[in-house]
Amino acid sequence: MRLKLGFLLRAVLLAGSFLGLLLLWSSLSPRAEEPAPPGRTWFFWIERSVLQLEGNELAIHCQKIAVRIPAMVLVGLLLDVLLMISLRGDKGTIGSLDEDLIIDCSQQKCVFVLSYVQVNVSYVAIWSLGMLWALGHFQDPFTKDDKEDNRPMPNKGDHGLGNEKFKPVVPWPHVEGVEVDLESIRRKNKAKNELNHHGGGDNKQQNIIQRQYLTFKPQTFVYRDPVLRPGVLGNFEPKEPEPHGVVGGPGEEAKPYVLGPDYKESIQASIKEFGFNMVASDMISLDRSVNDLRQEECKYWHYDENLLTSSVVIVFHNEGWSTLMRTVHSVIKRTPRKYLAEIVLIDDFSNKAHLKERLDEYIKQWNGLVKVFRNERREGLIQARSIGAQKAKLGQVLVYLDAHCEVGINWYAPLIAPIAKDRTTCTVPLIDYIDGSDYSIEPQQGGDEDGFARGAWDWSLLWKRIPLSQKEKSKRKHKTEPYRSPAMAGGLFAIERDFFFELGLYDPGLQIWGGENFEISYKIWQCGGKLLFVPCSRVGHIYRLQGWQGNPPPVYVGSSPTLKNYVRVVEVWWDEYKDYFYASRPETKALPYGDISELKKFREDHNCKSFKWFMEEIAYDITSYYPLPPKNVDWGEIRGFETSYCIDSMGHTNGGFVELGPCHRMGGNQLFRINGANQLMQYDQCLTKGPDGSKIMITHCNQNEYKDWQYFKNLHRFTHIPSGKCLDRSEVLHQVFISECDSSKATQKWEMNNILSV
């Protein structure tokens, strides 16, 4: 039987039509493991494919389409021409067709129409195949190949961890030391930022305080008080011991993980860059188990399950990978999922490569629960937290955590319950100490016999902790109930979202870091809210180690941002008590602190109470530990008369010796004051003679201690009252000491020169 060219082409194209339609059908059909939403079928999958492509990925696929579609058009046209030629006879008629296909058709048009239909059906099939090829549906662009799936992923706790997870990054830094060009990223996203900068622009944040509620919203959420049932395990307590991240792995149960001397250089490099021993941290599971430091009584509290939901906000700047991710993992591991609305990460202009694409990819495993937003300039911790409040829209409560924490067992319910009961309550967990060297966790030192302490300050506005007073203990029926605190440390707390906005978030004039913890504490207490410490909610926090290079503030901020913050806080909230701050920090008197008129108006509109009321009713015990300072007789640098050498504490405290060093006119460790009580002081430290009876040391002092000095300005002399000797120095040995007074001795002559911060 003779096979003609037309028959062969028609057979091939009919088969192609069938296969093309089959491929088109299968590619547009939902996958079994990925059902389409109700009411949406083929078009949903096309839409999904396009929407999931963004940035460089979208550009690459567009390039593929641009090249492949014209190629398929040319192929289709060529086949069309060839088929039409094959269908024509020798005399310009349609020929070469099998007679059984014509079936008594005397009109050539009959055969031509039939053939033309076949051509176009085949052409549709070719076009479908071409589109599938162009769009990449033969291989789903969103499905990673095996090679990509087998790439080592960051530590995921107990998900397939092998021994390789315990290997340190040597030499250090390896991944985390790599930096990226932030300026190019900013230029790339400029158009997007202009439309949506900080969730609506800088003006939105700056104007928040100008559109306050004049009265706070009433409490509408009904919540029953927690009930203590001794011997009956609480309804939020885990029924089984917490699983290890890696069974028997390093750091499990918060046991210390100490590395040998071989890692010394790597450890020191990581501490310099991040402030922690990241070499050890990278060996510890992100899902590790922790020790339970709560009082035994905490295990028997029962909470109403009608709790508020929360958005956990974490601000970071150039944070180490494993310490940041362990914070996130601990929240997800130990928080009931029904109450965890979202985890909002605020990247405060980090330039470390591991905090960019790697982070974006890593958090996809939580399907939108964890989100990251990036500031387009360095805002600092304070304003970045306000930005976080604006970005976190799903939770009823905002829970702020530092970027290097681990939440404890059953931390959530005790922390949120008081807020559910009273929306104007702000709660703070007890903060445990995570050693940045070996990652062991232990309670903070100080406090009362149970380790409970209240937040406080000295009159130079340094953070302090004082033991829980008997007055506060008497207010509780059970010792693990939440108790009142005048102030918080600032890094870890929970507050109802709407209430935080009603308070105006943080003062928008506060910059970078420092003083914001006091500002929000005073605002809460003086304007009708309350601040509670919660003994049964515990969160571990890593404190930076000595040797960290730090994160200097951006250039636009200027000098002394923390001191300026302090001045703003006392000028707004301390009333007449601000004189005690200036007595302790005389160098700040001339600091420009900006416009505070809106903050003053906020106090007035909300009938906020006076600082005197606050000191008498809430912070009544602070003056017992940090008495109101007497007025200063003089203050400034203590310079050797007509020399360039000054007394310098060298940062020593609590028994260290002062030294003689070149004067730098910047205050700090060279700034002292002598008050009417004859104390020669720096912050809360006093100068006195050391154990050898000669060299001068600096140590903590109360108001009635170390009243040792008289300053005779006209004689350029400091006299040590108990011994009758004079302050002396050795410029060769850089030592400061006391010796027998000799008016002819030049080394016993001093001058005290005021230094104003700028």
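## Exercises on charges, rings and burial

The charged end of Arg544 sits over the ring of Trp548, at 4.2 Å from its centre, where the criterion asks for NZ of Lys or CZ of Arg within 6 Å of the ring centre and within 35 degrees of the ring normal. The model is predicted, with pLDDT of at least 70 needed for local features and 80 or more for side-chain atom pairs, while totals for chains, interfaces and linings use all residues. Residues are numbered from 1 along each chain as its sequence is written, and side-chain values use heavy atoms, with hydrogens and water left out.

**Exercise 1.** Describe the salt bridge between Glu273 and Lys352, and state where its two partners lie.

*Solution.* Begin with the criterion, which is a side-chain nitrogen of Lys or Arg within 4 Å of a carboxyl oxygen of Asp or Glu; by this rule the count comes to 42 salt bridges. In the pair of Glu273 and Lys352, the closest N and O atoms are 2.8 Å apart. Next, locate the partners: Glu273 belongs to helix α10 (residues 264-274), whereas Lys352 is in the loop between β4 (340-347) and α13 (357-362), so that the pair links distant parts of the chain, 79 residues apart. Helices (H or I, at least four residues) and strands (E, at least two) are DSSP runs, numbered from the N terminus. Finally, both Glu273 and Lys352 are buried, a class that means under 20% relative accessible area, with exposed being over 50% and partly exposed in between (1.4 Å probe, protein chains only).

**Exercise 2.** Determine whether Arg334 is buried or exposed, and work out its surroundings.

*Solution.* Arg334 is found in helix α12 (residues 321-334), and because its relative accessibility is 9%, Arg334 counts as buried. A polar atom of its side chain lies 2.8 Å from the backbone oxygen of Arg288. If neighbours within four places in sequence are left aside, the residues in contact with Arg334 (heavy atoms within 4.5 Å) are Glu242, Arg288, Ser289, Val290, Val407, Gly408, Ile409 and Trp411.

**Exercise 3.** State what fraction of the chain counts as buried, and what its secondary structure comes to.

*Solution.* Of the 758 residues of the chain, 50% count as buried, and the secondary structure comes to 23 helices and 27 strands.

Terms used:
A polar contact is a pair of N or O atoms within 3.5 Å; within protein, one must be able to donate a hydrogen and the other to accept it, and residues adjacent in sequence count only if both atoms are side-chain atoms.
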